[in-house]
Structures are given as C-alpha cells and as structure tokens.
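Let's take a walk through this one together. Have the sequence and the 3D view open side by side.

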Protein chains: 2
Amino acid sequence: MTKIAILGYGNLGRGVECAVKNSPDMELVAVFTRRDPSTVKIQTAGVPVVHADDAEKWVGKVDLLIICGGSATDLPVLTPKFAKLFNVIDSFDTHARIPEHFANVDAAAKAAGNIAMISVGWDPGLFSLNRVYAASILQNGKDYTFWGKGVSQGHSDAVRRIEGVKNAKQYTCPVESALEAVRSGKNPELSTREKHTREVFVVAKEGADLKKIENEIKTMPNYFSDYDTTVHFIGEEEFNRDHSGLAHGGFVIRSGSTGWNNEHNHIIEYSLKLDSNPEFTTSVLVAYARAALRMKAEGVTGCKTVLDVPPAYLSALSDEELRAHCL
Amino acid sequence: MTKIAILGYGNLGRGVECAVKNSPDMELVAVFTRRDPSTVKIQTAGVPVVHADDAEKWVGKVDLLIICGGSATDLPVLTPKFAKLFNVIDSFDTHARIPEHFANVDAAAKAAGNIAMISVGWDPGLFSLNRVYAASILQNGKDYTFWGKGVSQGHSDAVRRIEGVKNAKQYTCPVESALEAVRSGKNPELSTREKHTREVFVVAKEGADLKKIENEIKTMPNYFSDYDTTVHFIGEEEFNRDHSGLAHGGFVIRSGSTGWNNEHNHIIEYSLKLDSNPEFTTSVLVAYARAALRMKAEGVTGCKTVLDVPPAYLSALSDEELRAHCL
C-alpha cells in the first residue's frame, strides 16, 4: 500500500481524500495543515491531522505528499520547501510561471534525492498532454482550447470585491458556434470575445445600485471587458440552491492536415465534462502519485511534469495486463 | 536529420512518405518492397526503391524502419524479422494477438540491441492511451469505444466476395442516441446492435439477383448478422465519385464518478474525425519514430508500445520549450 499524506485540507485536500479512498493500492496516513489541527475535521477514520510545522517528523512514514494550495502564493513556497522532505505532487496552474516554479522545485527535489511532479491536473495536465500528442502527430495544424461551462474562482472573487455585492459566481462558457467552426476544419482565427462568454450570478446587498454593479462588472479590465458578459441578479436562496456546485470542463481541439499537398484534414478533440472540478483534479493527482513513485523506484529524482510520464505508469495494472486488455 | 526507411509501399507506405515530408527533422532514405522495385514509383525525388531482400545492405544507413503491412499475415513475420536489422515500428492492430506479437518482436529486438514499437496508430494507439489515462484517473467508471463513421476494409472485402458483387464499400456508423446516452453519464449497457450500424454501397454485376445479395450481406455471421445493416445498390460512376475515400474516426469515452459516496459524475471524451485513415495512422507512426529513437539513445532496447512512451518524446520541441509553451 502506498502511503499518501495531504498538505492543506480545503476543496483539493478533501478531493485527494476521496480519490485515495477510491484507490485500492493507496492509503491516507496523515493530513498536514497550517491551521490549528484541532479545528480540522477530516472524513477518514483514524488518520491524524498534524500541524505542517511537524511534518518533518513524518519523513520515512510517507511515500508521497500531495500539496493542496493556491498557485498565487502557496505553492511557489510550499512545493520547494516540502520537496526537501518528501516526494511531492502539486497542481500549480499559473502557466506563465511554470518554468520558474519548475527550476525551484527541481533544485530542491534533486538536492534531497526526491521526485517532485508539478502542474498536475487537467489544465495544466490532461489538456497539456493532448496539446503535445496532437501537435506532434498533426504537424501542420492549429490548436484551440475552450473552457467551460464552468465556475471560475478568480472571476467570482473579483465580482465579490465590488461594492454592494454580497455573493457572486462567474461561469465561463464556450461559444457553441466557435466550437462548430473549429470542428468543421475551417481553422478560424478567433478573438477572445468570439471564443467565450461570461455569465455572472450576483446576490446584491439591500439597497445596492444594481445598474452600477452591472456596469462595474462588464467594464472590469482583464476579467470582463474583452468578453460579452451577462449579469443576473438573484436572491440568496436561489443562489445557494443553484450555484453552489464546482462543475467545469473544456475542450482541446487540433485541426490539421496531411497528404503530399496537405489535402486531407483531421480533427482531434479531447473534452472533459466535470461535476466537480476539485475532485476530478485530485483524481488526476492521485494517478500521478502512483506514476511518480514508480519513476522514483527506477532512480528518477528532481522535478517532472505529466509530459515526462509514460501512460502505463498511471495504472495499477501491470504492463502485461495493459497490453492484453487496454491496448 | 533522422533517416527513415519504409517497408511496403501501399496506402500506409504512401502515408509515411507524406508524414516524413511534413517532418522538418526527418528524411526518407529508402523504400523497401517485396515487389519488383522497377514497378514501384514513389513521390520523393532521389530516394531509391530497393528489394526487401537487399534491406540488410542498408544496416547502418537507416535510423528506423517503418513497416507497412497487414496484421493478418505480413506483420507477424516482417516485424520480428526486420527488428533483427533495424529499429522498427509497426501498426499491428489485431488486438487479441498483441501479447504474442509483442513477445516475438521483443525477443528479436533485444537480441539485436534494437528498439521496436508495435501497434502504433489510433486503435490500437491513441485510443489505447486514452483508455489507460481515463481508467487510471476515474477508477470507478465505465469505458466505451465507438468507431466511425468510417470505411471498414475487412467488411468491404467480405461483401466483394459475394456472388454478383462487382464492387462494395462498407461504412461503420456509431449510433448517435447511444453516444448521447453515454455522454449523459447514465452508464448504459449497450449491445453490439445498439452501438453501431453498418451501411453498404454495392455495385452489382449485370443481371445479378439484388434481393439475394442484400440477404447474403445482412445475414453474414460475425460481419453483419449482429448489426442493423442498410444496403444501397448504386452505379459504378456514383461509386467511384462518392465512395473512394478512406475517411474514419471514432470516440473513446469514460464515464466515472468521484466523491466520498461517488456522488459526482465526470465524462472524459476523446474523438477523431479523419479524412484519411492511412495518412493519419502514419502520422502517428512517424511521431513515435521520433520517440523510439530518443528512447534508444537512452539505452532502451526491445519491444515497446505507446503506453511506454513519455508524451514529450513525440515532440520535436525541447522539454524546456514544451514546459514554457504547451504545459
């Protein structure tokens, strides 16, 4: 049994706990938290919640630590720090800062003789894999990534900071006609506005100026001004009933051509429709935990990404079983 | 530049030729044939066509040989034979015989210190990858593979063997309502008949008994009797105009659940829509040629499959470029 520990018990930490429960070859041995451990109630019976400052005492008792934190400020600090103690995995998702994060984690993990895997999830993660497979195969072609329909935490937070807003949820929605144009093989050039729309559900405070809130949302630079945005004001009851989920998804499509004169077109499409973004993301993390430890057993140390991992390593089945039943 | 040779110059061989032309890091150096080389005209200027019996003289001048042949009788003989001389790749697609083929090729390649990669293409191949990724991530779930709409060569051949048939083409078509049921997360149990239909276009010989031909097709065991089949009799001109293509495609879908009580459902879908089955298949072969040689350079020998290959190895980009731009 592979001994997994979790650092950080929010949506992702809870997702890892579920994914480990669903993995017959894994067991949860500890949850590390930066909060007061007595305030953190987990679901798995008999597993201790330990302060993160005491994690060092668990060296030798944990095969791999799954680090569950935000990419803005948590993971850039936590992953290099804990890669000195354990084999680790994170879901770092700030695309532009991946090379820098990779370098920091690689140095820490190599010095300690550990393996570390960063940016595991679905984007970055499964979507990245599909971009690389598709572009390597259809060398003449064009890539498209669409997200949604799904909840963007960052955009929801931005709306909640507007004066007069009590609560808010933002959905990113792919434009169906843009998807169809891509699938038709036309290789369209699509602007930001043509690819996605944004839909916002707002619970306003009593007496708030709704017109002003709507205008502030729609004109917010970076977040909304480049998109067609629809704003709905709803009551708190409806908000809690219909907008508590964390569904998400998206599409990676490559349209490309082959032939002596590039006369034949092909479409490769990968899509996800997820009821729970954090639970799906952590299911990916747990599969890559299995792979990371297999690579470690072969002597691999330092930082790796999903692009470095042979697909067979994710499976609990043997190579012989995979060739006989899945190939 | 990677030096590629082709064995067998039919639809697949021509596809490899196009894919190598489209790969800036590769060049075609020879085409081996079992026919009289003077009868084989290829498209690439200045590349020799050589009898397969003389292939041995090319040892040292070829980095990797792509073996283009049928899975029934060609590849089981050719791949082990040529793995003794060269690094090789094939597209062996008889799923049930993969373990046996793997063992034969592995022994030959290991003895010679070569690398061999078998069953590369889209099914087996890209579809296999997606089955393994999806099942490793959504451990509680169900897999579905649909093929088409596309031409089945084996079924077309079977119809052509019927008395009174001059020419025939068979299309395998996924049943749209079955696809929708799977995508809805209902995890339906689907019979063979519920998943695919078959559509046959027949050019009959003059004076042939059309009723009899239609009945023979629809009741043919293994090929048609388990399916709803539609038969169209058409003229030779229409046949040549509308049914000369080799389009294909399909869908791999996994529907699975996560959560403490498996309360959240997720759909992972991978699909291909291909104008030319042989040209797409050979584009996959050429990408894996690049990967095989990278593994060989690291000292790997013996037989491998797509499940053993890190995705980054398929790309002509460096690991740094991939992390910065594709992850």
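How much space lies in the largest cavity? About 110 Å³. A cavity here is a set of points on a 1 Å grid over the protein atoms alone where a 1.4 Å probe fits but cannot get out, and its volume is the space filled by probe spheres set on points joined across faces, edges and corners. By this rule there are 5 cavities of 30 Å³ or more.

Before going on, a word on the ground rules: this is a predicted model, where local features need pLDDT of at least 70, side-chain atom pairs count only at pLDDT 80 or more, and totals for chains, interfaces and linings use all residues. Residues are numbered from 1 along each chain as its sequence is written, chains are lettered from A and ligands numbered from 1 in the order written, and side-chain values use heavy atoms, leaving out hydrogens and water.

Back to the largest cavity: 13 residues line it (an atom within 4 Å of a point), and Asn130(A), Tyr133(A), Asn130(B), Tyr133(B) and Tyr270(B) lie nearest its centre. H4(A) gives the most to this lining, with 6 residues. Helices are DSSP runs of H or I with at least four residues, strands runs of E with at least two, numbered from the N terminus.

Now for how the chains relate. Superposed by least squares on C-alpha atoms of residues with pLDDT of at least 70 in both, chain A lands on chain B by a rotation of 180° with 0.0 Å of shift along its axis (RMSD 0.0 Å). The two copies are therefore related as by a two-fold rotation axis.

Methods
On a 1 Å grid over the protein atoms alone, a cavity is a set of points where a 1.4 Å probe fits but cannot get out, and a pocket is an open set with protein on both sides within 12 Å along at least five of seven lines; lining residues have an atom within 4 Å of a point.
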